[in-house]
Amino acid sequence: MFDYPAKVFSILLIFMMCALSPFLSAYMESEALSNRLALNEVEMFLDKVTDKATITQADLDDLYLAIAATGGIYDVEVKRLIRLSTKLPDDSVRTLYLSQDYIGETMKSGDLVKVTVTDIGLTPAKRLKWYVLRLDEGKFHFSLTASVGR
Amino acid sequence: MKYATVFASMLGVMMLSYIVGTHYYTAKAHEKAFNEVYLNKIVDYATKAAFQSALEGGDLGISYTDLENVKIDPVNTISTFKDIMALSFDMSLSEENLDMLDNYLLGGVFITSNGYYVLDMHPETKNGVQTNELKWGLKKPYSIEYTGGSRVAYDLSSEKWTLLKPSGGTNFMMYTGEKHNALFQDHGIVANRADIMNTVNRKITNDVNAVMVRRNSSFNNDALKNYLYLPSMEATTGGANPVLKPSLLIAVGGVDFLGSQKLSYRTVGGYTLAKRVRVIGFDQGGVRYYAFEGQIPNDVLGRATNFFNSTEEAAKAGFKPHLEYISQAK
């Protein structure tokens with residue numbers, strides 16, 4: 001009778017070791033894979049767009065489709081930053097970047113294109129960690145910036 | 001019987017801790033693997049932007065067809081590099097953030113056809129405060145010293161040379177020339193291309209490593225303890241890394257603000273100039289065609305009317321692809 005806590009504890013232990021852990025490892029691996037694929041897709045988009053110096057709706061659609069195909073649910077934001085230089089009172093030149101529209105425009109050399117990808121879906125690994133351990137490691141996100149060249 | 005249970009439970013707890021440990025390290029390994037590749041791409045894009053900003057001076061419309069005349073001005077390269085890095089990491093472009101990034105730029109060298117710049121900390125007065133700033137040093141020539149005290153500085157993209165010959169005491173006579181032959185005929189110095197390349201590579205490597213060793217003593221950055229190694233020309237029979245064109249190399253390492261672990265990984269971004277092939281539009285038989293530079297015969301080239309950067313631009317302007325020219329191998 002007094003053995004119940006020990007029995008329950010050992011069943012819990014067995015469950016966590018033999019059932020949850022492999023699941024967690026497998027889910028984490030697939031999440032890492034889709035993150036990596038998203039990074040590759042963003043890189044291809046940036047290479048294409050900075051070479052052409054234009055961003056068309058077709059390019060954006062390709063990017064969104066490719067990121068959706070990685071298996072995760074990501075929010076993609078594409079920004080164009082133009083470079084402004086202003087002179088400060090102490091005669092030094094300060095360079096700033098300003099976000100501007102890009103659809104239908106040809107970007108100048110020196111403009112930057114910044115893509116930010118945020119994971120907004122609940123991957124299975126995150127869900128499992130939350131339900132079992134109440135562990136939330138925050139959203140996965142990354143940005144990549146490239147400059148438009150000739 | 002009780003002891004067996006205790007033993008089994010302890011074994012269970014040990015196995016659980018192994019599994020938890022494995023999970024922890026797996027998560028770290030995934031994050032680190034991603035961050036290393038991510039840093040690599042960021043440094044690549046940042047170096048590319050830095051290199052492009054150096055080329056922005058001068059009329060590139062002409063100079064792309066003649067690499068000798070490309071004007072290089074490396075003033076803005078480092079600030080552009082740091083801007084791109086900061087923007088990619090979603091950091092604000094404040095002075096403090098950009099100064100902080102100086103700690104992670106291990107070394108850099110900007111190679112032009114007649115000299116090179118090495119990245120180093122230089123004292124600078126900002127707002128009356130004496131600080132060190134990461135800047136390009138003075139341009140150093142590719143010079144070889146020969147017996148008798150003569151020094152010759154070479155240009156790598158052509159055969160130009162400048163000779164300083166000692167002429168009694170501390171005086172020097174300066175000669176310049178356009179071809180290596182002239183150097184041999186007038187002054188008896190044989191200019192061997194392989195020697196020049198070896199010397200250039202050796203000088204650049206020594207200078208960059210010296211800077212990195214000196215900077216290492218000023219702050220605690222593990223990544224600086226190892227040198228940046230540029231393999232010399234003799235690495236293969238055909239030669240590796242010959243310095244023929246303007247190039248930029250920047251090494252970044254020891255990044256510890258990306259993710260939860262410090263990356264002792266070092267990455268080098270490098271860019272060099274390549275001739276860009278433009279799309280040329282011309283009129284033939286009343287129809288407007290386009291083809292790539294180098295595919296169009298010279299007599300037709302004389303009638304070229306428009307230059308475009310890509311085939312899409314040419315198509316948008318109403319030009320059709322000239323299927324006979326465009327399908328030729330260049």
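Across the interface of chain B and chain A in this predicted model, 10 residue pairs are found in polar contact, both residues of each pair being at pLDDT 80 or more. On the side of chain B that touches chain A, helix H1 (2-54) and helix H3 (77-88) of chain B each supply at least two residues, and the most is given by H1(B), with 19 residues. By residue class, this side of chain B divides into 17 nonpolar, 10 polar and 7 charged residues.

In one of the salt bridges found in the model, B:Asp90 is joined to A:Lys114, with the closest N and O atoms 2.9 Å apart.

Taken over the interface, 34 residues of chain B are in contact with 40 residues of chain A, and the area buried between the two chains is about 3,300 Å², with 60% of that area coming from carbon and sulfur atoms. Of the area that chain B buries against chain A, 20% is supplied by B:Phe34, B:Lys41 and B:Tyr45, more than by any other three residues.

Chain B also holds an open sheet of 4 strands, which follow the order E12-E10-E11-E13 with mixed pairing. Strand E12 (304-308) and strand E13 (320-321) of chain B stand at the edges and have a single partner strand each, so one side of each is left without a neighbour in the sheet. For E13(B), the pairing with strand E11 (residues 287-292) of chain B is parallel and runs over 2 bridges; in E13(B), B:Lys320 is the bridge partner of B:Tyr289.

How values were computed. Residues are numbered from 1 along each chain as its sequence is written. Chains are lettered from A and ligands numbered from 1 in the order in which they are written. This is a predicted model: local features need pLDDT of at least 70, side-chain atom pairs count only at pLDDT 80 or more; totals for chains, interfaces and linings use all residues. Side-chain values use heavy atoms; hydrogens and water are left out. Two strands pair if DSSP finds at least two bridges between them. Contact means heavy atoms within 4.5 Å. Buried area is the accessible area (1.4 Å probe) that two parts lose on being put together, summed over both. A salt bridge is a side-chain nitrogen of Lys or Arg within 4 Å of a carboxyl oxygen of Asp or Glu. A polar contact is a pair of N or O atoms within 3.5 Å; within protein, one must be able to donate a hydrogen and the other to accept it, and residues adjacent in sequence count only if both atoms are side-chain atoms. Ala, Val, Leu, Ile, Met, Phe, Trp, Tyr, Cys and Pro count as nonpolar, Asp, Glu, Lys and Arg as charged, and the others, Gly among them, as polar.
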